[in-house]
Amino acid sequence: MTAYWMVSDSWILTRRTLLHWRNQPAQLLLGLLFPVMVLLMFAYLFGGAMVVPGGGDYREFLLPGMFALTMAFGLENTYTAVAADAQRGVTDRFRTMPISAASVVTGRSLADMLNAAVSLAVLIACGLAVGWRWHHGIGDALLAVALLLLLRYALLWLGIWLALTAGKPETLMAVQILVWPLAFLSSVFTAPETMPAWLGTIAAWNPLSATAGATRELFGNPGWTGPVWPAVVWPLVLLAVFGPLAVRRYRRLT
Amino acid sequence: MITAEGLTRRFGPTTALDGFDLDVPAGTVHGLLGPNGAGKTTAVRILTTLLRPDSGRARVAGHDVVREADRVRARIGLVGQQAAVDEQLSGRQNLEMFGRLHHLGAARARGRAAELLDRFDLAEAADRPAGRYSGGMRRRLDLATGLLTDPAVLFLDEPTTGLDPRARTEVWRTIRALAAGGATVLLTTQYLEEADQLADALTVIDRGRVVAAGTADELKGRLGDDHLDVVVRDPDRLGEAAALLARIGDGEPRVDPDRRLASVPVRDRVAALTEAARQLADRGLEAEDLGVRRPTLDEVFLALTVRSAA
């Protein structure tokens with residue numbers, strides 16, 4: 001019975017976000033269009049000036065990075081939703097109801113993962129339209145997609161933890177200020193070997209670079225590539241740290 | 001229905017609650033009064049399982065709030081200081097979602113939502129996003145959400161803060177109807193008039209401690225006797241009126257020439273009032289106003305909280 005209610009409660013909370021999308025489709029569309037805009041900007045505005053070390057088409061290099069970047073930007077969705085609930089007292093209402101903490105966070109993560117899958121699909125379609133291709137078969141391509149979603153899933157918990165700790169939707173600006181340099185200081189737009197050595201080292205170690213590099217390899221795209229394992233280990237480390245922290249923060253009785 | 005013994009909770013160096021006791025019998029409305037930062041919200045958060053006490057015990061609807069939190073949660077409703085509703089969902093979607101999360105089942109949740117929308121005058125706005133509701137409507141939706149399961153105990157934490165007088169009256173009407181229906185209500189408020197209007201009994205807290213408890217009348221009685229007030233039309237005859245009151249009342253009359261008011265403490269309200277009316281008429285002393293006044297709850301509140309701060 002408990003398991004039944006957990007599944008049912010999680011689904012009702014996931015559906016809540018689907019209802020948000022239906023009630024305010026503009027918000028969803030803007031969220032989906034933003035990465036597309038960044039993609040077009042880098043592909044056509046800055047792309048002409050970019051040289052991929054070792055040769056290769058910049059757009060082919062760019063797309064895996066854009067996928068990883070979009071997964072990182074998803075953090076802002078999670079943050080905003082969780083912080084708004086905490087501030088308006090909706091989280092407190094959940095906590096005075098006979099539903100488990102697990103259902104509340106599962107509902108949130110399912111909704112956010114659906115959103116991530118949709119935005120990834122949109123971006124893949126745009127990538128195909130601007131000339132990006134995968135070259136190693138569907139199996140490797142699907143593995144790359146799985147790695148991207150894994151990164152999003154790990155960052156989701158960071159988002160929940162940040163939102164429950166900072167607790168106000170207005171502090172989103174601070175999160176953006178944090179996310180943007182982290183996102184740009186990576187192999188997303190440029191290869192780390194083109195940066196000053198110390199900066200390149202940081203960029204190479206960025207979890208975003210691990211996922212971008214591994215997916216470049218799997219898609220058969222040129223430029224800064226890397227093995228699969230860091231793209232698995234990094235998200236798992238983030239998950240192991242921020243998953244328990246987020247749940248503890250939710251349960252905290254302060 | 002709600003009992004608390006020696007609840008204590010500290011936040012760092014501040015002691016928000018310091019040995020708080022409470023006893024609310026079933027079917028009554030209890031007012032928890034206190035200035036800002038007195039510990040009202042902390043008390044409510046402990047009683048609604050949102051916060052653990054450092055020490056002390058509390059039972060709500062027969063269950064311990066720490067050890068049997070789940071059972072308590074199944075029996076309570078909480079309406080907090082902000083309207084805890086999803087602003088992107090319509091009123092109906094909110095009620096249906098919270099109903100399903102209360103495990104009412106889809107059909108019952110739908111039925112209950114429709115019923116509550118009607119009862120709270122929200123039927124017309126039912127399908128608009130709650131974010132576009134007025135403050136009063138949002139508050140009513142919040143109250144309706146708290147009532148989805150017909151909770152045995154309802155906690156209202158400053159339910160009318162920030163509402164205009166009309167919306168406040170609406171919320172009061174709702175609370176009265178709930179009490180008439182047999183619910184136990186714990187209401188925190190800074191508005192003494194609200195407590196006076198709604199509560200069967202009151203607990204006044206300040207700095208985390210109970211400084212007084214009893215009915216509103218008992219608390220007012222502590223501040224001393226009722227007063228008989230006369231406002232005369234002719235300022236020159238104020239002295240004459242004061243002398244008259246001195247014979248009727250049980251103490252020294254007080255005179256306020258600016259307001260043309262003479263006032264004296266009295267014990268027997270009705271006898272003093274009729275006697276004063278008769279004697280004033282006999283002397284042809286015209287009064288603009290005549291009445292017996294209890295000390296207001298505001299006066300009681302100020303006296304109590306000033307005393308505890310000293």
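These notes cover a helix pair in chain A, then strands and domains in chain B, of a predicted model.

1. Helix packing, chain A. Helix 3 (residues 58–88) of chain A meets helix 7 (residues 172–184) of chain A. Their axes come within 10 Å and cross at roughly 170°. Angles over 145 degrees count as roughly antiparallel, so helix 3 of chain A is roughly antiparallel to helix 7 of chain A.

2. Who makes that contact. Helix 3 of chain A contributes A:Leu69, A:Ala72, A:Phe73, A:Leu75, A:Glu76, A:Tyr79 and A:Thr80. From helix 7 of chain A come A:Leu172, A:Val175, A:Gln176, A:Val179 and A:Ala183. By class, the contact has nine nonpolar, two polar and one charged residues.

3. Domains, chain B. The chain is divided into domain 1 (2–220) and domain 2 (225–294). Taken over C-alpha atoms, the centres of these domains of chain B are separated by 44 Å.

4. Strands 11 and 13, chain B. Strand 11 (residues 226–232) of chain B pairs with strand 13 (residues 261–266) of chain B. The sense is antiparallel, over six bridges. B:Asp229 has B:Ser263 in strand 13 of chain B as its bridge partner.

5. Strands 12 and 13, chain B. Strand 12 (residues 254–256) of chain B also runs antiparallel to strand 13 of chain B, joined by three bridges. Here B:Asp256 stands opposite B:Leu261 of strand 13 of chain B.

6. The turn. Strands 12 and 13 of chain B form a hairpin, with four residues between them. Which residue in the turn has a positive phi? B:Arg260 does, at about 55°.

Key:
Residues numbered from 1 in each chain as written. Chains lettered and ligands numbered in written order. Predicted model: local features only at pLDDT ≥ 70, side-chain atom pairs only at ≥ 80, totals over all residues. Axes fitted to C-alpha atoms, helices over the stretch in contact; angles between N-to-C directions. Helix = DSSP H or I, 4+ residues; strand = E, 2+ residues; numbered from the N terminus. Parallel < 35°, antiparallel > 145°, perpendicular 65-115°, else oblique. Contact = placed C-beta atoms within 7 Å. Nonpolar A, V, L, I, M, F, W, Y, C, P; charged D, E, K, R; others polar. Pairing = 2+ DSSP bridges. Domains from an automatic or database assignment.
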